[in-house]
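Please look over the sequence and the model before reading on.

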Amino acid sequence: MGTTFTLPKFKQCEENKTTSENKINMTEEDDTAAMNFKIITKNLDLFYGDFQALYDISMDIRPNKVTALIGPSGCGKSTFLRTLNRMNDLIASVHLNGNVYYDQTDIYKNYDVIELRKRIGMVFQKPNPFPMTVFDNVAYGPRVHGIKKKNQLHDIVEKSIKKAALWDEVADRLHEPALGLSGGQQQRLCIARVLAVEPDVILMDEPTSALDPISTARIEDLIEELKQNYTIIIVTHNMQQAGRISDFTGFFLNGKLIEMGKAKDIFFNPADKRTEDYICGRFG
Ligand SMILES: Nc1ncnc2c1ncn2[C@@H]1O[C@H](COP(=O)(O)OP(=O)(O)OP(=O)(O)O)[C@@H](O)[C@H]1O
Ligand SMILES: [Mg+2]
């Protein structure tokens with residue numbers, strides 16, 4: 001964890017608590033890293049049929065950082081997240097304008113979608129293990145990608161479950177149904193499943209909203225660990241969580257990116273009144 005500081009008390013922000021929970025990640029950033037964005041979206045509009053869900057979103061995502069997306073329900077966070085690995089392709093009514101670059105390549109032009117989703121994995125709000133064993137869940141992706149040797153699969157499964165901080169709890173249950181695990185264990189299993197295909201970026205859509213505080217803390221610790229090797233973009237409704245784990249934060253409202261910046265700037269010194277209102281819990 002980087003140094004943490006207590007969330008600010010905005011003048012108008014009556015309910016700001018200053019508990020130990022109320023911390024914000026203050027890791028100092030090296031701006032030269034800005035030259036090397038992992039993902040860039042440019043003037044992205046997205047429509048579900050006639051309904052426009054995203055307006056002109058231009059965002060730069062830095063490698064090996066945690067970027068949190070915040071904003072009230074229905075403002076387009078999940079829609080935006082799904083544009084980053086083309087999950088919206090699965091919805092027939094969707095069309096979009098603008099560009100999404102991953103490592104400088106436009107993913108909507110001549111990009112192999114299977115390869116893209118291997119590179120940019122996704123973890124959903126509700127843990128969604130497949131109805132198969134713990135082992136087979138994690139081995140699923142590698143098998144799809146052609147890995148068949150038992151030893152190799154076993155190594156990948158063990159390594160991935162260890163990285164997901166789940167090994168101690170499931171080492172002797174690998175051949176039992178994944179659906180028998182607790183919710184928090186299932187979510188870490190889903191993270192292990194993503195890690196098993198060696199992604200580069202991990203998208204997480206409210207990964208802890210269904211979990212108790214202990215499981216949530218475990219996933220937050222895990223995210224902090226994983227950013228050494230991965231770029232993480234997380235949607236969360238939990239302001240404390242966004243403050244604790246994110247290096248950068250983007251605030252969405254009504255399909256627009258209102259403000260994006262270092263987490264400490266967004267939380268301490270937002271440029272837009274609407275950001276401050278949201279952080280203070282005045283709406284949404
Ligand atoms: N498959 C879909 N078809 C049509 N409209 C959709 C679809 N998915 C989302 N929308 C609409 O797009 C808008 C943005 O939805 P989205 O799910 O991205 O919001 P969100 O910020 O993730 O909300 P929440 O915090 O509740 O998860 C909403 O108005 C929603 O009703
Ligand atoms: Mg959502």
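Which helix and which strand each supply at least two residues of the shell around ligand 1? They are strand 4 (51-61) and helix 1 (77-83), where helices (H or I, at least four residues) and strands (E, at least two) are DSSP runs, numbered from the N terminus. This is a predicted model, in which local features need pLDDT of at least 70 and side-chain atom pairs count only at pLDDT 80 or more, while totals for chains, interfaces and linings use all residues. Residues are numbered from 1 along each chain as its sequence is written, and chains are lettered from A and ligands numbered from 1 in the order in which they are written.

**The ligand shell**

The residues around ligand 1 (C-beta atom, placed from the backbone, within 6 Å of it) are Tyr48, Phe51, Ala53, Gly71, Ser73, Gly74, Cys75, Gly76, Lys77, Ser78, Thr79 and Ile91. Helix 1 gives the largest share of this shell, 3 residues. By kind, the shell divides into 5 nonpolar, 6 polar and 1 charged, with Ala, Val, Leu, Ile, Met, Phe, Trp, Tyr, Cys and Pro counted as nonpolar, Asp, Glu, Lys and Arg as charged, and the others, Gly among them, as polar.

Helix 6 (residues 183-195) has 13 residues and reaches 18 Å from its first C-alpha to its last, close to the 18 Å expected, a span taken as 1.5 Å times one less than the number of residues. Because 12 of its 13 residues are buried, helix 6 is largely enclosed by the rest of the structure; a residue is buried if 20 or more other C-beta atoms lie within 10 Å of its own, exposed if 12 or fewer, and partly exposed in between, with C-beta atoms placed from the backbone. What covers those buried residues includes strand 8 (120-123), helix 3 (134-144) and strand 9 (201-205), contact being C-beta atoms, placed from the backbone, within 7 Å.

**The paired strands**

Strand 10 (residues 231-235) has 5 of its 5 residues buried, so it is largely enclosed by the rest of the structure. Strand 9 is likewise covered on both faces, with Val201, Leu203 and Asp205 on one side and Ile202 and Met204 on the other, all buried. The table lists strand pairs, where pairing needs at least two bridges found by DSSP.

| Strands | Bridges | Sense |
|---|---|---|
| Strand 5 (residues 66-70) and strand 10 | 4 bridges | parallel |
| Strand 9 and strand 10 | 5 bridges | parallel |
| Strand 8 and strand 9 | 4 bridges | parallel |

Within these pairs, Leu69 has Val235 as its bridge partner in strand 10, Leu203 has Ile233 in strand 10, and Met122 has Leu203 in strand 9.

**Two loop residues**

Most residues other than glycine have a negative phi. Glu198, in the loop between helix 6 and strand 9, has a positive phi of about 50° although it is not a glycine, and Glu198 is partly exposed, with 17 other C-beta atoms within 10 Å. Glu206, in the loop between strand 9 and helix 7, has a positive phi near 45°, and Glu206 is buried, with 20 other C-beta atoms within 10 Å.

How values were computed:
Contact = placed C-beta atoms within 7 Å.
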